[in-house]
Amino acid sequence: VLDDDMKALVKEYGTGIESIDFSISDNLDQLSDSIKTYWEKMKEIGTRDLILHGPFLDVNPCAYDSMVREATMTRFNQCYEAGLHLGAKKIVFHSGMNPYVYYKEYWAEQVAKFWQEFMSDKAEDFTVYIENVLDDEPYMMRELIEGIADKRIRLCIDTGHANAAGNVDICEWLEGLGEYTGHIHLHNNYGSADEHNPPDKGSMDMGKVLEYIDSCCGSDTTITIEAYDLESSFKWLAERGYI
C-alpha cells in the first residue's frame with residue numbers, strides 16, 4: 001500500500017498501522033537512519049499507533065545452529081530497539097515452525113528457550129506476538145506459549161495462513177488458542193495458497209470468524225487487515241459495524 005493510500009485510510013477510519021519496515025535487513029543495517037526516516041513517515045501518515053512486524057527472512061527462533069540463533073537474536077533485538085524509539089510496544093514475530101523440517105515433539109521446547117532468553121531484558125509493558133505461518137495445526141503453539149510462561153508473550157493468529165497451511169478449521173484455532181491470543185492478521189483465501197484476499201473473497205466465512213474472535217479472544221485483542229485490497233476490506237468491515 002502506498003503511503004498516500006495509507007494516509008487516506010488512517011484519516012477515514014482512525015486506524016493505526018503495522019509496519020514491516022523493520023523486518024528488512026537493509027533497514028536494520030542502517031538502524032538509526034531507518035528510525036529517523038520512519039518517524040517522519042508516521043508523521044506524514046498521521047498516526048502514532050504502531051505495531052512492528054519483526055524480521056522473518058533467513059532467521060529462525062527454532063535454530064539449532066548457534067550462529068543462526070545468534071543472528072536471529074541480533075535482528076530481533078534491533079527491531080525491538082526500533083520499537084523503543086518509535087513508541088511501538090508490540091512486535092509480531094513468525095513462529096518459524098516448518099513441519100517439513102522440524103519434529104513436532106521437540107519444536108516447542110526448543111523455541112521456548114529462545115523466547116525466554118530474548119525476553120530476559122525486555123520492558124514489562126512490551127509484548128511479543130508469535131504468528132503462525134506454516135504451522136499446520138494450533139496445538140503446538142499452545143504448547144509453546146505454555147512452555148514460555150511469560151505474560152508478555154501472546155499469539156497472533158493469522159487467518160489466511162491457518163486456512164492455507166493445514167486442514168484445521170480457523171474456528172478451531174480460535175477456540176483452542178483464544179485465551180493466549182492478543183492479535184489477529186485478518187485476510188481470506190480459498191485454502192490452497194496464501195492470497196491475502198479481502199474478507200469476502202475466500203473459503204472462510206469471515207462473519208463467523210469475527211464472531212469467534214469476539215467470543216474466544218480477549219477484549220484487548222487487536223486486528224491488522226493483511227489483505228492487498230485494503231480499501232474494500234475496510235469498507236466490508238465498516239458496513240458490518242466492526243470499524
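The model is a predicted one, so local features need pLDDT of at least 70 and side-chain atom pairs count only at pLDDT 80 or more, while totals for chains, interfaces and linings use all residues. Residues are numbered from 1 along each chain as its sequence is written, and side-chain values use heavy atoms, with hydrogens and water left out.

Helix H1 (residues 3–13) packs against helix H3 (residues 31–45) at about 50°, and their axes lie 9 Å apart. Helices here are DSSP runs (H or I, at least four residues; strands are E, at least two), numbered from the N terminus. Axes are lines fitted to C-alpha atoms, for helices over the stretch in contact, with angles from 0 to 180 degrees between N-to-C directions. H1 and H3 are therefore oblique to each other (under 35 degrees is roughly parallel, over 145 roughly antiparallel, 65 to 115 roughly perpendicular, the rest oblique). On the H1 side, the contact (heavy atoms within 4.5 Å) uses Asp-3, Met-6, Lys-7 and Val-10, and H3 brings in Lys-41, Glu-44 and Ile-45.

Now the pockets. A pocket is an open set of points on a 1 Å grid over the protein atoms alone, where a 1.4 Å probe fits, with protein on both sides within 12 Å along at least five of seven lines; lining residues have an atom within 4 Å of a point. Volume is the space filled by probe spheres set on the points, which are joined across faces, edges and corners. The largest pocket comes to about 1,400 Å³. Of its 49 lining residues, Ile-17, Glu-18, Thr-224, Ile-225 and Glu-226 are closest to the centre. Strand E7 (residues 222–225) gives the largest share of that lining, four residues. The second largest pocket has about 210 Å³.
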